[in-house]
Amino acid sequence: MEEKKEKSVKEKVSAKEKALIEENENLIKEIDGLKAQADEFKDKWMRNVAEFDNYKKRNAKLWQDAFNEGVASVIIKILPVGDNLDWALTLGLDEKTAEGIKNVKRKFNDTLESLEIEEIDPLGQPFDPNVAEAVMQVPAEEGEQSDTVKQVFQKGYRKKDKIIRYATVSVVK
């Protein structure tokens, strides 16, 4: 009888061990599945983070480009004012009028500088078609090198690497 009890106990223990082993294997499979799912979610999350970062960079660049284009558009429209102030200073004006025009021109230049607009002054430099437009060729005089800017008819302006208006010049032939 004791043998039967022992056998019965062994069978129960054996059945419990088998059930535990089977449950353990099922849990391991479930854990592996959850790990795979977590890896997949992590990969998707990382891709979305990278995509959003790229989106923010593209959007910031688009915004900056649009802003710079707007600034350039306004500057192009006010540059003739500066040209007229320069022209007025070449006239024979009385001292007070000339001083007033100089003050206005100084303020105009300060405004351009605050917008990071710089003047292109190619006078006496070798002609560069990337910053100036030649509208005239003049014969070389003694000591002048050919392909040198002789006279500037209209100043050029740039904002960083972008030309807002090309300088209009005459070039020594």
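What percentage of the contacts in the chain with a separation of 6 or more comes from residues 24 or more positions apart? It's 63%, where a contact means heavy atoms within 4.5 Å.

Before you click on, keep in mind that this is a predicted model, in which local features need pLDDT of at least 70, side-chain atom pairs count only at pLDDT 80 or more, and totals for chains, interfaces and linings use all residues. Residues are numbered from 1 along each chain as its sequence is written, and side-chain values use heavy atoms, with hydrogens and water left out.

Start with a cartoon view. You'll find two helices and six strands, running α-α-β-β-β-β-β-β from the N terminus. Helices (H or I, at least four residues) and strands (E, at least two) are DSSP runs, numbered from the N terminus.

Next, colour by pLDDT, the predictor's confidence in each residue from 0 to 100. The chain averages 91, with 94% of its residues at 70 or more. Select residues 2-89: that's helix 1, with the lowest mean pLDDT among the elements, 89. Now jump to residues 167-172, strand 6, which has the highest, 96.

Zoom out to see the whole chain. Its C-alpha atoms fill a box of roughly 135 × 40 × 20 Å along the principal axes.

Of the 173 residues, 20% count as buried, meaning under 20% relative accessible area (1.4 Å probe, protein chains only).

Methods:
Buried < 20%, exposed > 50% of the residue type's maximum accessible area, 1.4 Å probe, protein only.
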